[in-house]
Amino acid sequence: MANKAYKFRLYPTQEQAQLLAKTFGCVRFVYNKMLEERIQIYEKFKDDKEAMKQHKFPTPAKYKKDFPWLKEVDSLALANAQLNLQKAFTNFFSGRAGFPKFKSRKAKQSYTTNMVNGNIKLADGYIKLPKLKWVKFKQHREIPVHHIIKSCTITKTKTGKYFISILTEYEHQPVPKEVKNVVGLDFSMNTLYVDSEGKRANYPRFYRQALEKLARAQRVLSRRRKGSNRWHKQRLKVARLHEKIANQRQDFLHKASRQLANRYDAVVIEDLNMKGMSQALHFGKSVHDNGWGLFTTFLQYKLEEQGKKLIKIDKWFPSSKTCSCCGQVKVSLSLTERQFRCECGFVADRDINAAINIKKEGLKKLGTA
Ligand SMILES: [Zn+2]
């Protein structure tokens, strides 16, 4: 089985938009309520993780008695809020994420509902959703008939647009491809990656220009009086630019991953923990902006669709410090050294040297080296 998501623009009526707003609010409310309870449990069992895990998770049904208006919205959306919180805690306990946070009003407006007994249907530019009934949407591409709808996520952007992402599942068993062409990628802060053949994936110029435009618009916003008309206007402008940039980045990441997935039978990357990395090196937001996580997700499913492989090597592998020619490992290599120079006489760009090492390590893992 494989998954594929389809995203479309949604056009709710005013009445439907009201119900959507209510649903976003209820999902946030229930999430925060459950988190509140979980925090109490956490405080109580802090030193006994096992006892905490045994403790039953609060369910949304529990709150419906005290807050009857919760019954007005899609109960599946509330159930998914519970699952999301559980996932957040699982990630916290495994060290992959920080302690779950409360959702603020400013957080992303979104909820997920599931396909249960044919409650979601598509017909003539309309999609039937629980509680909302038929909502108009722009279906610019067909969902193949052998795809089964699993869930739908409805989102409202900061500029007031609605989108629906339809997650489907389908039977897919690609024939494993014989591995001939392999490439290694070294993550790069500025250009996304450098590959073992020396090519750099460069963000397009218009994307960088849009980033500069956004920075300017944000400076203007910071000078405006908060809450004034001109401030509101500028805030909307900033939100629009944000959306545009996110779309451009996504397009670029799709294209870059598509090209690699078509050209190579296997792609080797380092299994970077982006969260840990941004915290450790104080790169802050820029690492997330770089979209490496999104890129590797795209790359993985685009390769797998064709029976190809994404190979992740250990993040502690010294890809930068190793000479890709003789294999000697340097004791130290500062971030400012852009050229890799080895005692054996080998000289190469630091990133390309790393990418070649990553490829070699991947080949070892594949057992073809
Ligand atoms: Zn060497």
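Over residues 292–358 the chain is 33% helix and 16% strand. The end C-alpha atoms of that stretch are 16 Å apart. An unreviewed UniProt entry annotates residues 292–358 as "domain: Cas12f1-like TNB". The model is predicted.

**Zinc site**
- Four cysteines coordinate the zinc ion through their SG atoms: Cys323, Cys326, Cys342 and Cys344, at 2.3 Å.
- The site is tetrahedral, with angles of 105 to 115 degrees among the four donor atoms.
- The donor residues follow the spacing C-x2-C-x15-C-x1-C in sequence.
- Cys326 and Cys342 link distant parts of the chain, 16 residues apart.
- Cys326 sits in the loop between β12 (309–313) and β13 (339–341). Cys342 sits in the loop between β13 and β14 (347–349).
- Cys326 is partly exposed, at a relative accessible area of 40%.
- Cys342 has 13% relative accessibility, so it counts as buried, the cut-off being under 20%.

- Lys131 has a positive phi, near 70 degrees, although it is a residue other than glycine.
- Lys131 lies in the loop between β4 (126–129) and β5 (133–138).
- Lys131 counts as partly exposed because its relative accessibility is 48%, and exposed would require over 50%.
- Leu192, also a residue other than glycine, has a positive phi near 80 degrees.
- Leu192 belongs to strand β9 (residues 192–195).
- Leu192 counts as buried, with 0% relative accessibility.

How values were computed: Residues numbered from 1 in each chain as written. Predicted model: local features only at pLDDT ≥ 70, side-chain atom pairs only at ≥ 80, totals over all residues. Heavy atoms only, no water. Donors = N, O, S within 2.8 Å, 3.2 Å for Na, K, Ca; no water. Tetrahedral: all angles 85-135°; square planar, octahedral: opposite > 155°, others 65-115°. Helix = DSSP H or I, 4+ residues; strand = E, 2+ residues; numbered from the N terminus. Buried < 20%, exposed > 50% of the residue type's maximum accessible area, 1.4 Å probe, protein only. UniProt positions renumbered as here; feature names shortened; annotations may be inferred.
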